[in-house]
Amino acid sequence: MTTDATVVLLDGVRKEYGDTTALDGVSLSIRAGEAVAVMGPSGCGKSTLLNMIAGLDRPTAGTVVVQGEDLGRKNETGLALFRRHRIGMIFQFFNLLDDLPALDNVALAAQLTGSKAGPARQRALELLDELGIADRRNAYPAALSGGERQRVAVARALMNRPALLLADEPTGALDSRAGEQVMDLLLDLNQIGQTLLIVTHDERLATRCASRVVELADGRIARERTLEKA
Amino acid sequence: MSAVWRASRAAVRRRRLQTFVIGLVVLLSTASIVVALALLDASSAPFDRAFAERRGAHVVATYDAAAVTDAQLAGHRPDVTAIAGPFRQATVDTSRDGNVPRLQGRPLTVVGRADPGGPVDTVDIWHGRWVTGPGEVVLNEAPPAAGYQARFRPEDDRVTLADGTTFTVVGRGYSISRTADAWVAPDRIAALRPTTVQMLYRFADAGTTSEVDGHVAALRTGLPPDALVATQSHLVVKETIAAGPGAYVPFLVVFGVLGLIVAVLIVGNVVSGAVVSGYRHIGVLKAMGFTPRQVVAVYLAMVSVPAVVGCVLGTVLGDLGARPLLRSAFLGLGFGAEVGVAPWIDVAALVGAPAVVLLAALVPALRAYRLSAAEAISAGSAPRPGRALRVQRALGGIRLPRAVSLGLGLPFARPARTALTMAAVVLGVVTVTFATGMSETVRRYSDLTDLKDTPIAVRPLRPDGGQPVTQRSVPEVEQLLRSVPGTTRVAGGLDLEVSIVGDREPATVYFVRGDVPAMGFADQIVTGRWLRAPDEVVAPSTVLHDHGLAVGDRATVRFGARERSVTVVGEIMSTAPGWPRMVAGWDTFERLAPNYRILPHEMYYALAVAPGTDTGRYLAAIRTADPGLDVWDNGGSNSYTTAVVALSTVLTLLLGLVAALGVFNTVVLNTRDRRRDLGMLKSIGMTPRQVVVMMVTSMAALGVVGGLLGVPLGMLAHRVVVPITADAANLSLAKALLQVWQPGGLALLAGAGLAITVLGALLPARSAARLTIAEVLHNE
Ligand SMILES: Nc1ncnc2c1ncn2[C@@H]1O[C@H](COP(=O)(O)OP(=O)(O)OP(=O)(O)O)[C@@H](O)[C@H]1O
Ligand SMILES: [Mg+2]
């Protein structure tokens with residue numbers, strides 16, 4: 001069933017937290033270049049789903065395969081290496097390292113894969129420039145606005161040219177204008193071939209960026225619809 | 001590795017306070033460890049050092065002069081590295097009523113020796129000169145301790161033997177190998193009819209008993225059988241000499257070990273705090289693709305940087321601080337050698353302290369290792385509200401200002417952090433309580449050995465010294481001493497040798513009169529009680545043991561024709577009064593020996609003087625009042641005990657500082673973590689003042705509970721550890737030395753814990769309260 005073009009393949013993924021069932025048998029596949037939006041009411045398991053794909057957490061049952069690699073067979077170190085090379089993550093609350101200025105936050109991701117500090121900072125600067133915040137490169141996260149922080153987070157996520165970009169409510173903490181900009185950014189990325197998985201409450205974001213919408217309810221896929229690209 | 005280094009360097013730079021505290025804790029702990037180790041080393045080493053310097057004899061051998069010739073002895077040198085002798089050696093009896101009490105009726109080993117130097121056993125002539133002519137003798141005596149003056153009375157310069165021969169003491173020397181009691185010129189020894197010959201040997205290897213035994217066996221073979229009469233090992237001599245300062249060694253070990261344990265626990269706590277408050281940080285690192293191992297590396301690097309710096313500075317500080325303390329301590333122990341900090345101590349500190357810190361950091365760092373990324377990233381901002389809410393509701397029912405009741409509820413919101421803070425407070429209070437208690441015990445013990453309470457000694461001169469003799473009776477002398485301005489208390493004592501019925505060993509009883517109970521002796525009871533009625537005795541455990549007695553036993557004591565049945569009512573420490581012997585009241589003496597005519601010089605008086613009395617003038621006043629009274633200053637601290645007391649004070653202060661810093665750091669971190677809560681509370685209408693009150697209340701609650709738990713635990717530790725330590729030092733400690741606590745001091749200790757927590761909370765709470773709500777919420 002796996003083709004070369006399949007980036008993510010979930011099969012019967014269950015996740016339980018004590019008595020709570022966060023995911024109740026989710027099967028899903030995402031092909032390269034697709035932009036998938038996951039929607040649903042609060043607490044339906046969206047973030048949990050994203051964490052499974054990123055290897056941030058392990059399913060109670062079922063398998064998660066990303067780019068042909070079965071995450072269930074990896075140990076913690078293997079998962080870290082996997083995230084480092086294959087996954088870019090964007091969170092609702094940015095999750096930057098408060099200790100480092102914007103530029104180093106981005107460059108650090110490349111240094112993790114063994115890049116030298118010089119080239120890493122060079123590429124980080126190019127990315128910040130593309131995202132329009134090169135002038136804020138020496139500011140610490142605490143001194144940045146929410147939109148600026150999210151753009152730094154995007155730059156960091158893109159640093160290692162990930163096969164899959166995961167975004168958990170990337171505009172949730174932003175005002176509409178800043179949210180708009182981040183949306184445009186994701187759209188542009190998808191148009192140049194970046195595979196995207198976005199969790200969002202925002203119907204507008206979903207319809208603008210995504211080619212497919214997966215709706216979750218109580219840990220199950222309730223509905224899937226394919227959208228005509230705008 | 002560069003990403004790890006980058007992340008930890010940034011973390012260190014942005015956590016200045018925490019980094020500073022770790023560095024300072026390590027610095028102070030390392031310094032205390034260096035000081036403690038240096039003192040331990042020096043306490044056990046001065047003998048070795050002096051022994052090497054004086055080329056001490058590893059084996060002192062006594063041969064039968066009739067069985068072996070000098071030539072045989074000089075030629076017989078199995079494996080020796082140095083040899084001295086043969087020296088003629090005689091054992092003579094001194095006159096029972098000689099001048100020097102120390103020598104009365106005692107057998108004296110006299111050796112004929114041409115000079116105090118030589119390849120083995122250099123005799124340190126610290127007073128007078130070596131023997132040259134007839135009738136001259138040099139006595140073997142340890143030099144006076146620093147702070148003490150050698151005091152010789154004119155009559156001390158003559159030694160009278162049992163046969164009436166008299167020698168003039170021309171010098172006093174100290175042989176660390178204890179090769180003789182006295183030396184005469186070689187051509188004078190014949191008059192003493194020597195029957196033995198002394199040989200002194202040094203060997204390359206004689207560090208253990210079996211090595212020494214091996215050498216002794218080798219000495220025996222190759223000579224006529226029975227030629228070797230006796231040998232004395234340097235190891236045995238060392239044991240006797242080291243016993244004095246040795247009493248303090250176990251206490252210092254406890255201080256050193258305590259410093260180490262406290263340092264480990266506090267560093268562990270500080271690092272745990274860093275991990276707990278760094279949940280989100282760990283989560284972000286992991287989400288970015290840091291492997292668990294790399295996350296551990298980041299956290300270890302964060303700790304090692306300040307640890308290494310603190311350790312290097314602490315070693316330097318400890319090394320520099322220990323030197324003057326040690327020098328003053330050992331100057332007067334008869335070991336002239338320079339004492340310092342041995343290089344191995346510095347090396348041990350430089351290697352050991354960071355290793356210990358890393359070990360302490362490893363436990364919390366492993367938590368970071370195991371923490372799941374998803375959990376870490378969400379746990380950072382999610383206090384569990386359930387229990388806190390319940391407590392909050394319960395507190396709401398009590399009539400308290402809202403800010404206070406909210407503050408009291410806060411600790412329940414984050415139990416892990418609360419537990420850490422609490423552990424820091426309890427540990428700090430326990431440490432400080434225990435350390436102050438132990439250093440007070442050490443101080444009181446040294447006061448006893450230094451005769452702090454009875455510094456002045458008086459003994460009437462003997463009638464045979466050509467000296468003025470007092471014409472006063474015992475009560476008259478006592479009355480005179482009381483009348484000298486400055487005297488506050490007078491105790492008199494008389495030694496009498498009695499026999500115990502059914503016991504072949506005679507016993508010396510020291511009969512005391514005057515203010516003895518009030519002069520601190522009564523505080524030296526180990527078990528039982530002090531004398532209260534006639535026919536009671538107290539004695540140190542060694543004396544009780546020698547006579548097969550125990551507290552509560554009765555014994556019949558005989559003097560002349562009279563007998564009295566006495567009861568042992570208490571065991572006293574062997575420090576007081578004077579050397580170990582039985583002590584009984586004057587009324588007992590009067591019943592046992594009513595007809596005994598006391599000679600004035602048989603009495604010994606111990607005097608206490610008013611604070612601020614000029615000792616020199618006071619002594620002169622007594623001499624003027626009655627020239628027949630010999631008076632001297634017995635007090636003045638021995639430099640070694642002074643140094644030990646100073647050291648335990650320094651170590652207690654260092655430990656207190658370390659503990660205070662640990663508590664302070666934990667509280668500051670904890671308060672900082674709650675800044676977001678503060679912003680939220682302010683956004684719903686709390687005033688900055690209420691915010692500060694709330695934060696301080698929350699920490700003060702921990703401070704109070706910690707103090708209430710810590711003080712009794714510290715006292716318990718003191719109660720348990722100090723007697724064990726004293727046992728190791730072969731000391732029986734009086735109850736008074738264990739009852740060192742005063743309610744005021746304890747309240748102060750508990751209060752200090754509270755004050756530190758309040759201060760630790762106040763600073764960050766105030767700065768947080770000053771932030772605008774927007775700033776606080778923006779930063780999350
Ligand atoms: N670490 C956890 N421990 C216990 N339960 C959890 C944990 N994480 C999530 N859950 C539970 O699993 C369910 C799904 O949570 P999830 O965070 O995936 O929801 P979500 O769809 O992302 O919600 P939202 O839109 O509010 O972010 C919820 O009921 C939640 O309470
Ligand atoms: Mg979510």
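Analyst: Let us begin with B:Glu563, which counts as partly exposed at 41% relative accessibility. Please keep in mind that this is a predicted model.

User: Which residue does the side chain of B:Glu563 meet in a salt bridge?

Analyst: The partner is B:Arg558, with an N to O distance of 2.8 Å. B:Arg558 is partly exposed as well, with a relative accessible area of 33%.

User: And B:Glu141, with its salt bridge to B:Arg172: how far apart are the closest N and O atoms?

Analyst: The closest N and O atoms of B:Glu141 and B:Arg172 are 3.0 Å apart. B:Glu141 sits in the loop between β5 (136-140) and β6 (158-160) of chain B, while B:Arg172 belongs to strand β7 (residues 166-174) of that chain, so the pair ties together parts 31 residues apart in sequence.

User: Is B:Arg172 buried or exposed?

Analyst: B:Arg172 is buried, with a relative accessible area of 3%. B:Glu141 is buried too, at 16%, because the limit for that class is under 20%.

User: What about salt bridges between chain B and chain A; what is the count?

Analyst: The count between the two chains is 1. B:Arg6 makes a salt bridge with A:Asp104, and their closest N and O atoms are 2.4 Å apart. Between chain B and chain A there are also 5 residue pairs in polar contact, counting pairs with both residues at pLDDT 80 or more.

User: Which elements of chain B supply at least two residues each to the side that touches chain A?

Analyst: These are α1 (2-14), α8 (279-288), α9 (292-330) and α11 (373-379) of chain B. The residues on that side comprise 13 nonpolar, 8 polar and 6 charged ones.

User: How much area is buried between chain B and chain A?

Analyst: The buried area is about 2,500 Å², and carbon and sulfur atoms give 55% of this. Within chain B, the residues that lose the most area to chain A are B:Arg6, B:Arg14 and B:Met288, which together account for 25% of what that side buries. In terms of contacts, 27 residues of chain B meet 28 residues of chain A.

User: In chain B, where does B:Thr30 lie?

Analyst: B:Thr30 lies in helix α2 (residues 16-44) of chain B. At 2% relative accessibility, B:Thr30 counts as buried. Its side chain reaches the backbone oxygen of B:Val26 at 2.5 Å. Beyond four places in sequence, B:Thr30 touches B:Gly310, B:Cys311, B:Gly314, B:Thr315, B:Ala349 and B:Ala353.

User: And where is B:Arg529 placed?

Analyst: B:Arg529 is in the loop between β14 (525-528) and β15 (536-540) of chain B. With a relative accessible area of 24%, B:Arg529 is partly exposed.

User: Which residues is B:Arg529 in contact with, leaving aside neighbours within four places in sequence?

Analyst: B:Arg529 is in contact with B:Glu536, B:Val538, B:Val569 and B:Gly570. With B:Glu536 there is a polar contact between the side chains, at 2.7 Å. The C-alpha atoms of B:Arg529 and B:Gly570 are separated by 4.8 Å, although the two residues are 41 apart along the chain.

User: Finally, how many helices and strands are there in chain B?

Analyst: Chain B has 24 helices and 20 strands. Of its 780 residues, 53% are buried. Among contacts in chain B between residues at least 6 apart in sequence, 81% join residues at least 24 apart.

Terms used. Residues are numbered from 1 along each chain as its sequence is written. Chains are lettered from A and ligands numbered from 1 in the order in which they are written. This is a predicted model: local features need pLDDT of at least 70, side-chain atom pairs count only at pLDDT 80 or more; totals for chains, interfaces and linings use all residues. Side-chain values use heavy atoms; hydrogens and water are left out. Contact means heavy atoms within 4.5 Å. Buried area is the accessible area (1.4 Å probe) that two parts lose on being put together, summed over both. A salt bridge is a side-chain nitrogen of Lys or Arg within 4 Å of a carboxyl oxygen of Asp or Glu. A polar contact is a pair of N or O atoms within 3.5 Å; within protein, one must be able to donate a hydrogen and the other to accept it, and residues adjacent in sequence count only if both atoms are side-chain atoms. Helices (H or I, at least four residues) and strands (E, at least two) are DSSP runs, numbered from the N terminus. Ala, Val, Leu, Ile, Met, Phe, Trp, Tyr, Cys and Pro count as nonpolar, Asp, Glu, Lys and Arg as charged, and the others, Gly among them, as polar. Buried means under 20% relative accessible area, exposed over 50%, partly exposed in between (1.4 Å probe, protein chains only).
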